[in-house]
Amino acid sequence: MKVSAKININSTKEKVWEVIADIENSVNVISGIIKIEILNPAGDNLVGLKWKETRRMFGKEAEEVMWVTHSKKYDYYQTRAESHGAIYLSRLNITEENNGVVTLEMSFEGQASSLMAKIMSGVFGTFMKKSMTKLLEVDLEDIKKSCETQ
């Protein structure tokens, strides 16, 4: 399953980066996040940062341990999580057009790694894809609001 969403933000790449790279403060930015616990801090480029994120998903609390695998300051970072027989990859990508429009794109990919996860993906794939797209859109709206009001 692969989904993505994007939004234009009336801000600078640097400000958008400041907001999305402040993982510890994301609980105050993204309405679906309930709690963040930093497990392994990282340097300026974020690679190696590891945290436990508790968020509200599908009416329930879900907890995932995530870490940053790739990052380029002011451009993007990518995270990975592994649970429930699947590998989850997320990426936040910032682009700026010549006219100064800043776009933030968020993508999510789930790769089933166990037989049960493959079966569940086949059964619930369409429902999950629509729900994950909506989740990404809400997160992007929250980030936009934070970037444009600070």
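Tutor: Rings of Phe, Tyr and Trp pair if their centres lie within 6.5 Å. In this predicted model, three aromatic pairs turn up.

Student: Why is the pair of Trp17 and Tyr74 called edge-to-face?

Tutor: The ring centres of Trp17 and Tyr74 are 6.4 Å apart, with 65° between the planes. A pair needs centres within 6.5 Å, and planes over 60 degrees apart count as edge-to-face, so both tests are passed.

Student: Where in the chain do Trp17 and Tyr74 lie?

Tutor: Trp17 belongs to helix 1, while Tyr74 is in the loop between strand 4 and strand 5, 57 residues apart.

Student: What makes Trp17 buried?

Tutor: Its relative accessible area is 5%, and buried means under 20%. Tyr74 has 32% relative accessibility; that value falls between 20% and 50%, so the residue counts as partly exposed.

Student: How do you know that Tyr88 and Phe108 are stacked?

Tutor: Their planes are 20° apart, and their centres 5.7 Å.

Student: Why is the charged end of Arg91 said to sit over the ring of Tyr76?

Tutor: The distance to the ring centre is 3.8 Å, and the cut-off is within 6 Å, along with a limit of 35 degrees from the ring normal. Lys50 likewise has its charged end over the ring of Trp67, at 5.3 Å from the centre.

Definitions and conventions:
Residues numbered from 1 in each chain as written. Predicted model: local features only at pLDDT ≥ 70, side-chain atom pairs only at ≥ 80, totals over all residues. Heavy atoms only, no water. Phe/Tyr/Trp six-rings, centres within 6.5 Å; stacked < 30°, edge-to-face > 60°. Helix = DSSP H or I, 4+ residues; strand = E, 2+ residues; numbered from the N terminus. Buried < 20%, exposed > 50% of the residue type's maximum accessible area, 1.4 Å probe, protein only.
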